[in-house]
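Me: Could you walk me through this model one question at a time? I would like to start with the backbone and then move on to the ligand and the helices.

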Amino acid sequence: MSKNIQAIRGMHDILPDRIAIWHRIEDTARQVLASYGYAEIRTPLVEVTELFKRSIGEVTDIVEKEMYSFEDRNGDSLSLRPEGTASCVRAAIEHGLLMQPQRLWYRGPMFRYERPQRGRYRQFHQIGVEAFGLTGPDIDLEIILLTARLWRELGFKRFRLELNTLGDQAERQVYREQLVGYLSGHLDQLDADSQRRLETNPLRILDSKNPQTQQIVADAPTLMDCLGAETRTHFEQICKRLDEAGIGYQINPRLVRGLDYYNRTVFEWITEELGAQGTVCAGGRYDSLVEQLGGRPTPAVGFAMGLERLVELMQLEGQLAESPIDAYFVAVGDKAQAAAPRLTEQLRDALPGLRLLTHCGGGSFKSQFKKADKSGARFALILGEDELARQVIGVKHLREDQEQRELAIDDLAAYLSSARL
Ligand code: ATP
Ligand code: MG
């Protein structure tokens, strides 16, 4: 026998017993985003590779080693999107959306060739937000408030907000030189990756996970000291307004983010409950990206959250899978089975929210009832030849200890509705 084909490593099926948690997160996010006036945008999963090289940066982990790139049949280099911002910016420029401020959001799968481990997959899902045309700091604050509201609605109480500013390009250039100067003095103590990055992307060394490198970095000069008045005020305003809003945060001068395009505000929401991959949401300002991709200069700020990590947290917190159905319709005997479609359609007309599963495939009362019980439904609705002749239906509460009752078929919808399904 041939070997079964399995899903690709790091790419997971989301099975029905988990889907309720996904829906809860996605639906809550959609509502919260709507309540701030954000509009959804959907872009293709595949883009020309050049888009990601130009936006994310040639010497980032993503572009250097994590992209799923391939040649199209006509020889174009295409890539599965590793993140959503580049596509969003591309689409906004292409469709002329940037004539006025835009508040957009997206959701969907992203693809990165990373080492699969807890909280890190090769296909994963994000919900992200991008606000264009607004210089902040009010909009920076808005997207942070929005995420804080989402955590509240989802019941996540222990997320920590870390905040930093990366300054503007010129300030970062000055800082880069100071940092390279300092780190060059400790070259032989840095890990190999960081030694390589000293030439290409020295700021990333600040968030190295290597303990010895971290020790060196602890005494490095900080970017905060290179900031001019304007960027400093921008940052202080955000801090002040977060204080006023009662949202706690920690300033983390080592927070630099993995992508090249950020400037000024960067932030992460972190939880201690997921082990090493504790960042559930990350974002920041990227004022030069639109221009870099050919649009007219447009300030922008955004974030993305990793849904797998939020789903895992909900599971850890004991959110149980909900049954996908309310009522299970049992029909025994030829005439009852023949009548079932009409009756169940009528019920769905009367109660549009009712999740009603009609038994298919016939069988004895006992076997159908067993399936009803296993289904997780609250009610079994039972129609036999005898009930049909008398125009009644048996209703059995499957989750509560109650006698089975009989209702006139015409009264069933009202009964189910009053049982508050
Ligand atoms: P990390 O430092 O964990 O690699 P990142 O800086 O690459 O994160 P972003 O590109 O900013 O992450 O993505 C935003 C969020 O998306 C992350 O905070 C995380 O929750 C989620 N995420 C990123 N990569 C993965 C992945 N490979 N698997 C699952 N979730 C991910
Ligand atoms: Mg990463």
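**Backbone details**

Me: Which strand does Arg264 lie in?

Reply: This is a predicted model, so to speak of local features pLDDT must be at least 70 and side-chain atom pairs count only at pLDDT 80 or more, while totals for chains, interfaces and linings use all residues. Residues are numbered from 1 along each chain as its sequence is written, chains are lettered from A and ligands numbered from 1 in written order, and side-chain values use heavy atoms, leaving out hydrogens and water. Strands (E, at least two residues) and helices (H or I, at least four) are DSSP runs numbered from the N terminus. Arg264 belongs to the run of residues 263-270, strand E9.

Me: What is the phi of Arg264?

Reply: Arg264 is not a glycine, yet its phi is positive. The value is about 50 degrees.

Me: Which residue has a polar side-chain atom 2.7 Å from a nitrogen atom of ligand 1?

Reply: 15 residues surround ligand 1 (a heavy atom within 4 Å), and Arg112, Arg120, Arg257 and Thr279 are among the closest. As a polar contact (N or O atoms within 3.5 Å), a polar side-chain atom lies 2.7 Å from the ligand's nitrogen. That side chain belongs to Glu114.

Me: Are H5 and H9 oblique or parallel to each other?

Reply: Axes are lines fitted to C-alpha atoms, for helices over the stretch in contact, with angles from 0 to 180 degrees between N-to-C directions. Those of H5 (residues 138-154) and H9 (residues 229-245) come within 9 Å and cross at roughly 40 degrees. Angles under 35 degrees count as roughly parallel, over 145 as roughly antiparallel, 65 to 115 as roughly perpendicular and the rest as oblique. The two helices are therefore oblique.

Me: How many charged residues does the contact of H5 with H9 have?

Reply: In this contact (heavy atoms within 4.5 Å), Asp138, Asp140, Leu141, Ile144 and Leu145 of H5 meet His234, Ile238, Arg241, Leu242 and Ala245 of H9. Ala, Val, Leu, Ile, Met, Phe, Trp, Tyr, Cys and Pro count as nonpolar, Asp, Glu, Lys and Arg as charged, and the others, Gly among them, as polar. Six residues here are nonpolar and one is polar, leaving the charged ones at three.

Me: Is the crossing of H6 and H7 left-handed or right-handed?

Reply: The axes of H6 (residues 169-184) and H7 (residues 192-200) come within 10 Å and cross at roughly 145 degrees. A crossing is left-handed if the near helix is turned anticlockwise from the far one by less than a right angle, and right-handed if clockwise. This crossing is left-handed.

Definitions and conventions:
Polar contact = N/O pair within 3.5 Å; in protein donor to acceptor, adjacent residues only side chain to side chain.
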